[in-house]
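Please consult the sequence and the structure shown below alongside the text.

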Amino acid sequence: MQDNRVSRWYFGGVSSSAAACLTHPLDLIKVHLQTQQEVRVRMTGMTVDVVRREGFLALYSGLSASLCRQMTYSLSRFAIYETVRDKMNRENKGLMPFYQKVLLGAVGGFAGGFIGTPADLVNVRMQNDVKLPVELRRNYAHALDGLLRVWKEEGVRKLFSGATVASTRGALVSIGQLSCYDQSKQLVLATGCLTDSILTHFLASVFAGGCATVLCQPLDVVKTRLMNSKLEYGGVFHCLTETAKLGPKAFYKGLVPAAIRLVPHTVFTFMFLEQLRRRFGAVVVD
């Protein structure tokens, strides 16, 4: 008999949080680029501008909200996807077909996106604060302070502003990350050229990160604009039409920094996840 280890339900949230600590500055710059009304500066210029005005630590503005988001959004989607996948694999005594992985990734991502919307909203606001004039800043002390202030000052409904877009984006990201990672890892292992090693995890996660970036970028732009708005958009459709007026490229504004952020985040997440699974995963006897 061979002992196999499967992920515990909370490993996805832990590994995503660890990855977020490494990639947070890239996420912050991406938000700044997406909330420009016109393309005035590029990624390097925006980074230099933030550091010059606010100092190096400003690149980690909103880190607490980012971690809060990972422990709600990512924990939920990974828990749903991996728990159901492992259960079905055991019952069917084989691996799930790709279409089932896509459906499961979409369901897990949609649920996770909705659950993580409040933390995501505060995350976007805290990251965007550093580029606003001092008198217009919200100055949330940390994620919990931001959540409580939005609730008190703007109501519970505002906490779920952009929930539809965030949930849909969560579904697309999860298809790109979870489903594509699983499938690409399975295909790489099937060739017999590589074993279940760090190199295999790296190659599969790079491919998954690229898929996730292309799938979710248009919705990511709309979600960021909605969450950062001060009531200038009447809803998702209004935000879509206003963004469309800026031209098709507006939906892919910040694509390169989004890829530079999401691909490394995906790689780190799955590298951490695989190591957690190998060392601390639940043992399943075949």
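## Basis of the report

A residue is called buried when its relative accessible area is under 20%, exposed when that area is over 50%, and partly exposed in between, with a 1.4 Å probe and protein chains only. The model is predicted: local features need pLDDT of at least 70 and side-chain atom pairs count only at pLDDT 80 or more, while totals for chains, interfaces and linings use all residues. Residues are numbered from 1 along each chain as its sequence is written, and side-chain values use heavy atoms, with hydrogens and water left out.

Val 221 belongs to helix H9, which spans residues 198-228. Helices (H or I, at least four residues) and strands (E, at least two) are DSSP runs, numbered from the N terminus. Val 221 is classed as buried because its relative accessibility is 0%.

Leaving aside residues up to four places away in sequence, Val 221 touches Gln 34, Thr 243, Ala 250, Phe 251 and Lys 253; contact here means heavy atoms within 4.5 Å.

## Packing of helices H5 and H6

Two packed helices are described by the angle and the distance between their axes. For helix H5 (residues 117-129) and H6, the axes come within 9 Å and cross at roughly 100 degrees. Axes are lines fitted to C-alpha atoms, for helices over the stretch in contact, and angles run from 0 to 180 degrees between N-to-C directions. H5 and H6 are therefore roughly perpendicular to each other; this term covers 65 to 115 degrees, whereas under 35 counts as roughly parallel, over 145 as roughly antiparallel and the rest as oblique.

On the H5 side, Pro 118, Ala 119, Leu 121, Val 122, Arg 125 and Met 126 take part in the contact, and they meet Ala 143, Gly 146, Leu 147, Val 150 and Glu 154 of H6.

## A nonpolar surface patch

A nonpolar patch on the surface is formed by Phe 114, Ile 115, Leu 144, Leu 148, Trp 151, Val 156 and Phe 160, which together have about 660 Å² of accessible area. Helix H4 (98-115) and helix H6 (143-154) are the elements that give two or more residues to this patch. H6 provides the largest share, three residues. Patches are made of residues with over 30% relative accessible area and no salt bridge, like charges being joined within 9 Å and nonpolar side chains (Val, Leu, Ile, Met, Phe, Trp, Tyr) within 5 Å. Accessible areas come from the Shrake-Rupley method with a 1.4 Å probe, and for residues only the protein chains shown count as cover.

Phe 114 lies in helix H4 and is partly exposed, at 44% relative accessible area.

## Salt bridges

The structure holds 17 salt bridges, each defined as a side-chain nitrogen of Lys or Arg within 4 Å of a carboxyl oxygen of Asp or Glu. In the pair of Arg 85 and Asp 86, the closest N and O atoms are 3.0 Å apart. Arg 85 is buried at 12% relative accessibility, and Asp 86 is buried at 9%.

Arg 53 pairs with Asp 49 at 3.1 Å between the closest N and O atoms. These two residues are four apart in helix H2 (residues 43-54), so about one helical turn separates them. Arg 53 is partly exposed at 37%, as is Asp 49 at 27%. A further salt bridge joins Arg 277 to Glu 274, with 2.6 Å between the closest N and O atoms. Salt bridges that share partners link Asp 49, Arg 53, Glu 54 and Arg 137 into one network.
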